[in-house]
Amino acid sequence: VLPSPDGPAPSVSITEIRQYLRAQDIPFHDGYSCLHTPSLFTGDRADQPLSANAPFTLFIDKTTGSFLCTATLAEGTWQDFQANVEMRHHGVTPIPPASSEETEEEMRQAREDARCIWERALPLWELLDEKETKETKALFGISQVTDATLKRFGVRYLRTARSLVFPWFSPQDATLKGLKLLRVEKKGGTKTYVEETLPRFDSYRNLFGLPLIGRRDTELVLTGWELDALALHQAAGVASLALPRGASSLPPTLLPYLEQFKRITLWLGEDLRSWEAAKLFARKLSLKRCSLVRPGNLQPRPLEALNQGLNVTKILRSALLASHKSIISFRQLREEVFGELVNTEQVSGVKWTRFPELNKLLKGHRRGELTIFTGPTGSGKTTFISEYALDLCMQGVCTLWGSFEINNVRLAKIMLTQFAGRRLEDQLELYDEWADRFEELPLYFMTFHGQQNIKTVIDTMQHAVYMYDITHVVVDNLQFMMGHEHLSVDR
């Protein structure tokens, strides 16, 4: 839920951050998405000024001001950072902002569960016989991936759940922090991959492959899928990492770990949604160091490229620079225009699965478009919109709800009922199972209610777009958000 009930954290500009650091004599250098400073938390004496010779392990996000110390994993807001600097002036050793006991307990439990699963899982080459190994590899489409690659990345197989297991090791001390399970579901002739994470996805912050990155690595390929990271390393020998939520989001807390790279190539997938996401992530990572691999017939996702025997290094070399100039000729647009003609279905947006008639009218959900639904009170606008948004959300479209008319508890109850497709009040024993599944959706709610200052609402939306890569915002309803007196002035 965002933001916290006491309103969003006050925003801070990069200029203010730099001025503050200079005024406090804190040495820093300017990175791509963060400022780097020595850490307040690594046990230097509190009465000593921070030394420029100390390792710069604290990263301050240039957009939000929130910080992360990669040495101690202390993190917090810009206000927390300032409070800790004040404490140092008073000779008190700073303490990292604590998370709630509930969250601590949940994380401990998730780690314990992950450890039990990890111990039961086997390396793929230690299954009963070669036949089982071959069949399993074929099921996941990784017949070309060698045992050496699987071993290097620590991938295992959990027989009881027929799932591949990808570990999340802490870069500090190599302890197991969590897992991602991947299984295949076959419906008719199509294969779909189903993922599950421990801990839950909102606190699953794993850049898969991070412990294998060396201090001296300056080039990186960022992918949207663990199996793509394996394929890239094997086929091109490059440093590669996989984002925890694929092309749907790049959490800002991961940016500090990507600061050491002078060049990042984004190769997120093979459809237009991954291409759009790559352009968005490149802005977060700083355009000047990013290149993008455009999806196309001869440039499928890395695992496919490996399976088809394509030259992966050549594809990487043909990646396009993310920062192009303000004026361009058709020649530079030519490939993109061709891409739109080839993928007319994808260009028209994400289709609704429950509303075939709506697809005829709107073609699909596209970024950067505004749709207005009108109707008299009680005609079912909210009920319909919540089903409409849920449909997209279940397909991975990150959604932010601003419900100014009905409160979030009632809205969530409507959506959960629509999600489960049954009356849960008659089957309360099923509540936890459905609530767990509902919690996995990339769905966020603003905590405003009734009339609001429009600037605050827009600031909150912008913050959400940066933090959670929101691509769909629902405002229900405009009249409540604006208050009634605005309407007479400017319909």
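Modeller: Ser249 sits in the loop that links strand 12 (240-242) and strand 13 (263-267). Strands here are DSSP runs of E with at least two residues, helices are runs of H or I with at least four, and both are numbered from the N terminus. This is a predicted model, where local features need pLDDT of at least 70, side-chain atom pairs count only at pLDDT 80 or more, and totals for chains, interfaces and linings use all residues. Residues are numbered from 1 along each chain as its sequence is written, and side-chain values use heavy atoms, leaving out hydrogens and water.

Is Ser249 buried or exposed? Ser249 counts as buried because its relative accessibility is 11%. Buried means under 20% relative accessible area, exposed means over 50%, and partly exposed lies in between (1.4 Å probe, protein chains only). Leaving aside residues up to four places away in sequence, Ser249 touches Leu243, Phe281, Tyr468 and Asp469. Contact means heavy atoms within 4.5 Å.

Now take another loop. Phe373 lies between helix 12 (356-362) and helix 13 (381-393). With a relative accessible area of 31%, Phe373 is partly exposed. Its contacts are Lys381, Phe384, Ile385 and Tyr388, again not counting residues up to four places away in sequence. Glu75 is 298 residues from Phe373 along the chain, and their C-alpha atoms are 41 Å apart.

Next, helix pairs. Helix 1 (residues 14-23) and helix 2 (residues 78-89) have axes that come within 12 Å and cross at roughly 10°. So helix 1 is roughly parallel to helix 2. Axes are lines fitted to C-alpha atoms, for helices over the stretch in contact, and angles run from 0 to 180 degrees between N-to-C directions. Angles under 35 degrees count as roughly parallel, over 145 as roughly antiparallel, 65 to 115 as roughly perpendicular and the rest as oblique. From helix 1, Ile17, Tyr20 and Leu21 meet residues of helix 2 that include Trp78 and Phe81.

Helix 14 (residues 408-420) and helix 15 (residues 431-439) pack at about 100°, with axes 10 Å apart. That makes helix 14 roughly perpendicular to helix 15. Among the residues that meet there are Met415 and Phe419 in helix 14, and Trp434 and Phe438 in helix 15.

Last, helix 10 (residues 330-342). Leu341 is found there. Leu341 is exposed, because its relative accessible area is 59%.
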